[in-house]
Amino acid sequence: MNKVLLQINVNGKDHQIHIDPKMTLVDVLREKLGLTGTKKGCNSGECGACTILLEGESVASCMLPALKAQGKKIVTVEGLGEEKRLHPLQKSFLAKGAVQCGFCTPGMLLSAKALLDKNLNPTTQDIKLAISGNLCRCTGYKKIIDAVLAAATELRGEGEVVMPAVGRDVVGSSIARVDGVPKVTGQAKYADDLFFPNMLYAKVLRSAHAHAYIRKINTDRARALEGVAAVLTADDVPGCNGYGIHIKDQPVLAKDKVRCYGDAVAAVAAESIEIAEKALALIEVDYEPIPGVFTVEDALKPDAPEVHPSGNLIFHRKVYKGDIEKGFKEADIIIEDKFRTPMVEHAYIEPETGIGIYEAGKITVYAPSQGVHYHRSEIAVNLNMPVNKIRVIQTTTGGGFGGKIDNSVHALVALLALKTGRAVKLSYSRKESMISSTKRHPFIMRYKLGARKDGKIIAGEAKIYGDTGAYNSYGTGVLTRVATCAFGPYEIPNVKIDTYTVYTNNPVSGAMRAFGAPQAAIAHEAIIDELAKKIGISPVEIRKINALRKGSATPTGQILNEGVGILETIERAVERSGLK
């Protein structure tokens, strides 16, 4: 395709660049000018990570054809301020704790600048409206709003934002993030910001079936495509074709069977993303679809299709204390209920990206991670290489919340680098990230409580079923954790807790913030409210009666001697909320 000349002024500097006319502005900024502070989060104009200023207006650069910026002035985060001369917004974001993972920060800063350039006396509502197109999964937005208000104060000349010292180690004193300045100036390097000489680009062919046998894979046409360096299937995995923190049940590349929509079936490395995508379309896979199971109820039926040969029930955890039958016999009131919680996507703004490099008999993988040592050991097993020949470098990580503990791109880029001898980058699209990443477990929970008339709960029974999807991931750990906290911060002398980890053909569920406790909290708090209503006492009073105290025993028999603050928390919550 013929190149066209693009003339733009970026951060006060004129540029003349010959580009593909189909390029978007975000790709020109990142790939042609090296301004990687502008991030790619969704590529559909929804997350705001790619926000820049175009003639003073905030614009999603991922949606803007680059030629639409012809002859115009652009400001990116790199033009906002420098390490030694930060813009008031950059200072205030650091001072107010508005920077966490940092992936959304450049776009958020520029949307805020567009507002303050026009209005130095913004209301909270003005700020909310200005940043409404910028998503953040870390802060909860309050600190961001506080930071914009503080910056406005300095810009009006009414007081300078005071930056906490970096690295000051004084208990009770605020300190600045050691990684804060690179994040507010756009200098922090996330995995997709890294480029290496002679680098290949990878794409993954994923199953369009939730449950099917793979009869045949024909890669001949894809391999023959000019610009393709490698096309790999399960037969190309030199070591164990399986990974997982507890059970090695998830293949790097599916061999005989796919177990969920989006299972990786083949991987391509090529000279460009466009060539890699063309190669995927040339791979022929002969599937034989088979019935699947999509609820734990169906998965546990005697005649259910088996997701794995071991059966659909992976694990049954029991936590029993006291005499449950005696407890219910002595109860004046018994109440039962059933609860369901849904699957939840982590939705971190940074999609997964990894780069694999093979040099001198060693593999190096650059990728976001919440467990580099785990990723390192898994790659070694997959590639059948000594672990001391594998290095995993955690790049600046744009949100994780548990979802970046599991393997995603890691083994694939390592394998492609090993096979090609070149650096290989694999970047997931937002859609691909949501298809393939782990989720919070959907739960089915059956609860039963027995209490005396005075509100004391003396018996509690819980049966909890966790849908871990097609592969276990952290499922057995999550269902073990929920067994220990099924009744939350309440002391019950007689408990019977059973939790079940179940395979289905749904997306994989794994680690997510609090590891099963949030689902249980929905159930135990709701049924305690129902119990209070039936007894005729307030929701606050029933919680005070049953709250854990120093010397209390948990369902596992642990005696609590320190750090028991639920009564104080209840009192503070009552004070703040006005409840009685």
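## A pair within helix 10

K326 and E330 both sit in helix 10 (residues 324-330), 4 residues apart, about one turn of the helix. Helices here are DSSP runs of H or I, at least four residues, and strands are runs of E, at least two, numbered from the N terminus. K326 forms a salt bridge with E330, with the closest N and O atoms 2.7 Å apart. A salt bridge means a side-chain nitrogen of Lys or Arg within 4 Å of a carboxyl oxygen of Asp or Glu.

Relative accessible area is 45% for K326, which is therefore partly exposed. E330 has 44% and is also partly exposed. The classes are buried (under 20% relative accessible area), exposed (over 50%) and partly exposed (in between), with a 1.4 Å probe and protein chains only.

## Model basis

This is a predicted model: local features need pLDDT of at least 70, side-chain atom pairs count only at pLDDT 80 or more, and totals for chains, interfaces and linings use all residues. Residues are numbered from 1 along each chain as its sequence is written, and side-chain values use heavy atoms, with hydrogens and water left out.

Side chains of opposite charge can pair when their charged atoms come close. A search of the whole structure finds 31 salt bridges. In one of them, the side chains of R206 and E432 meet at 2.9 Å, N to O. R206 lies in strand 6 (residues 200-206) and E432 in helix 13 (residues 430-436), so this pair ties together parts that are 226 residues apart in sequence. R206 counts as buried, at 18% relative accessibility. E432 counts as buried too, at 10%.

R215 forms a salt bridge with E288, and their closest N and O atoms are 2.3 Å apart. This pair links distant parts of the chain: R215 is in strand 7 (residues 212-218), E288 is in strand 11 (residues 284-289), and 73 residues separate them. E288 counts as partly exposed, at 33% relative accessibility.

## Helix 1 and its cover

Helix 1 (residues 25-32) is mostly covered, with 6 of its 8 residues buried. Those buried residues are L25, V26, D27, V28, L29 and R30. Their cover includes strand 1 (4-10), strand 2 (13-19), strand 3 (51-54) and strand 5 (73-75). Contact means heavy atoms within 4.5 Å. Just after helix 1, G34 takes a positive phi of about 70°.

R30 is buried in helix 1. R30 also belongs to a network of salt bridges that links R30, K39, D192, D193 and K425.
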